[in-house]
Amino acid sequence: MSMIAAFYGGKSILITGATGFLGKVLMEKLFRTSPDLKVIYILVRPKAGQTLQQRVFQILNSKLFEKVKEVCPNVHEKIRAIYADLSQNDFAISKEDMQELLSCTNVIFHCAATVRFDDTLRHAVQLNVTATRQLLLMASQMPKLEAFIHISTAYSNCNLKHIDEVIYPCPVEPKKIIDSLEWLDDAIIEEITPKLIRDWPNIYTYTKALGEMVVQQESRNLNIAIIRPSIVGATWQEPFPGWVDNVNGPNGLIIAAGKGFLRALKATPKAVADLIPVDTVVNLMLAVGWYTAVHRPKSTLVYHSTSGNLNPCNWHKMGVQVLATFEKIPFERAFRRPYANFTSNNFTSQYWNAVSHRAPAIIYDCYLRLTGRKPRMTKLMNQILRTASMLEYFINRSWEWSTYNTEMLMSELSPEDQRVFNFDVRQLNWLEYIENYVLGVKKYLLKEDMAGIPEAKQHLKRLRNIHYLFNTALFLIVWRLLIARSQMARNVWFFIVSFCYKFLSYFRASSTLKV
Ligand SMILES: CCCCCCCCCCCCCCCCCC(=O)SCCNC(=O)CCNC(=O)[C@H](O)C(C)(C)COP(=O)(O)OP(=O)(O)OC[C@H]1O[C@@H](n2cnc3c(N)ncnc32)[C@H](O)[C@@H]1OP(=O)(O)O
Ligand SMILES: NC(=O)C1=CN([C@@H]2O[C@H](COP(=O)(O)OP(=O)(O)OC[C@H]3O[C@@H](n4cnc5c(N)ncnc54)[C@H](OP(=O)(O)O)[C@@H]3O)[C@@H](O)[C@H]2O)C=CC1
């Protein structure tokens, strides 16, 4: 019997960010391994015209939850969606709901965050710092609370090269920032943001670092742990391989590459691609929840959920495998044949952007205009290049994350728990994982049917022929122009033509002799 699964039995669990990528996988695993849990409270806001109930219904009826419905048929009754907006005071939770949460919650998983790199400082602080403080305050009023698990990111200290499982102080006190944002206007905030975030690459990582400091300062007597995942990728094994549901991180770039939009990337091929499957992160979260509640460590422990030091893979290897998968399982209606040119050189990267990205987009838009349609490729290309440039920081550097606490926890688990809640990334086969990942992007994000693969392959062949034809035509045009203008080019041209002529004459003469 799994001790971890048994621990969550009969428990009331509060999850923030349950509608997000990590949150959904967390809920799925909880329901599947501990179907006798009492209730999962999720803090949800209405979104995109959907009510809370509609959002929950959609999640529970998705493919991700198919297995859960077999193990826990009354899953609908065990999930309680509570209206909440984490960017508001008291999260805008009703009095009754708040009372229920305060009196019943046993374990909290705090996943909600804004993960956009370009969010405003005000909004990012509100969500990643103030909301964390607010939740900790709530937690301190929960008599039955056994553990509070805060999800941060391995990049919260990406201004350092070697990162230990400790909370690092930030140059400015979170409280000072929260207070000053209350009276500063947006224009001033925008002006001081670069000075505040210093050597952090974006507002997201900076505010996640502030969030950790808040956890340390406001922990009171709570049993708290922090988990820092690196780049969270598709599921490795559970509930099935390759599940993804948004275009964040690598997903958007995989789509852009598979569709032939993005053919070069400013990336350091030898840099470590620190991807971690989402189910591995979730298994660690559940194990940490159990350990924190049962063993009650004296201080707040930080756990790194990273792959780089235990089972490293670099961007070159990843790129090669992604491309190999595109060959086997191509995406439909590609714009150009997929290709991945990784370069860390600024000049080469600019060159590829001009030649391989912007020029084809402009040519295609001209074609759309000429055929009476609305041009759209340049806009899309600009968006993809913007996204790629925002991720550049993370694909041109390597970090070392120590994993003592994570490894310690692994050794504390029973063999059964090590199997059911496996977070040992050393067992991950990258080639297999990446293939399933790309397949998952095709199936679950692009919603493409496997039956379309032969047609997609035909389309790629046509694109290859167009590519050859285009290059030959371009070569001939350039050459013709050169001949018209340069005596040297004319000499070379006549030399090649006469050489070919002599070669052909010799070949014909020798074959006549043989006859
Ligand atoms: C062979 C090649 C191999 C490739 C290898 C892969 C390399 C991977 C490198 C990955 C490095 C990742 C590093 C991340 C590290 C930090 C980890 C964390 O903690 S961070 C935690 C993780 N956090 C993150 O990863 C956040 C990073 N992302 C961001 O912050 C923002 O997306 C942005 C600022 C980059 C762009 O903002 P903006 O320009 O405003 O664009 P919006 O976002 O608003 O999207 C607008 C619309 O376009 C849609 N769409 C977008 N892309 C694609 C696509 N490719 N396709 C289709 N659609 C796409 C999108 O759905 C939306 O539609 P709708 O909803 O309107 O209908
Ligand atoms: N994905 C990654 O690569 C990594 C993620 N992390 C961390 O993991 C955690 C989860 O990330 P992930 O699942 O990928 O992110 P998602 O963007 O998929 O999910 C974010 C969640 O936060 C919720 N949320 C955002 N704003 C509010 C709000 N105002 N009120 C209520 N809920 C809100 C979202 O709700 P809604 O659906 O309504 O928008 C959603 O459920 C985050 O803390 C992130 O920092 C760490 C490292 C890497």
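This is a predicted model: local features need pLDDT of at least 70, side-chain atom pairs count only at pLDDT 80 or more; totals for chains, interfaces and linings use all residues.
Me: Which helix does Ser 356 lie in?
Reply: Residues are numbered from 1 along each chain as its sequence is written, chains are lettered from A and ligands numbered from 1 in the order written, and side-chain values use heavy atoms, leaving out hydrogens and water. Helices (H or I, at least four residues) and strands (E, at least two) are DSSP runs numbered from the N terminus. Ser 356 lies in helix H14.

Me: Is Ser 356 buried or exposed?
Reply: Buried means under 20% relative accessible area, exposed over 50%, and partly exposed in between, with a 1.4 Å probe and protein chains only. The relative accessible area of Ser 356 is 8%, so this residue is buried.

Me: How far apart are the end C-alpha atoms of H14?
Reply: The expected span of a helix is 1.5 Å times one less than its number of residues. H14 (residues 346-370) has 25 residues and should therefore span 36 Å, which agrees with its end C-alpha atoms being apart by 35 Å.

Me: At which residue does H14 bend?
Reply: The bend at a residue is the angle between axes fitted to the seven residues ending there and the seven starting there. In H14 a proline, Pro 360, follows within four residues of the bend, which is about 35° and sits at Arg 358.

Me: What do the buried residues of H14 pack against?
Reply: Those residues include Asn 353, His 357 and Leu 368. Contact here means heavy atoms within 4.5 Å. They pack against strand S9 (264-266), strand S12 (341-343) and helix H15 (377-395).

Me: Which residues does Leu 428 touch, not counting residues up to four places away in sequence?
Reply: Leu 428 is found in the loop between helix H17 (415-420) and H18. Its relative accessible area is 5%, so Leu 428 is buried. Leu 428 touches Trp 236, Pro 277, Asn 311 and Tyr 433.

Me: At what angle do the axes of H11 and H18 cross?
Reply: Axes are lines fitted to C-alpha atoms, for helices over the stretch in contact, and angles run from 0 to 180 degrees between N-to-C directions. Angles under 35 degrees count as roughly parallel, over 145 as roughly antiparallel, 65 to 115 as roughly perpendicular and the rest as oblique. H11 and H18 are therefore roughly perpendicular to each other. Their axes come within 10 Å and cross at roughly 85°.
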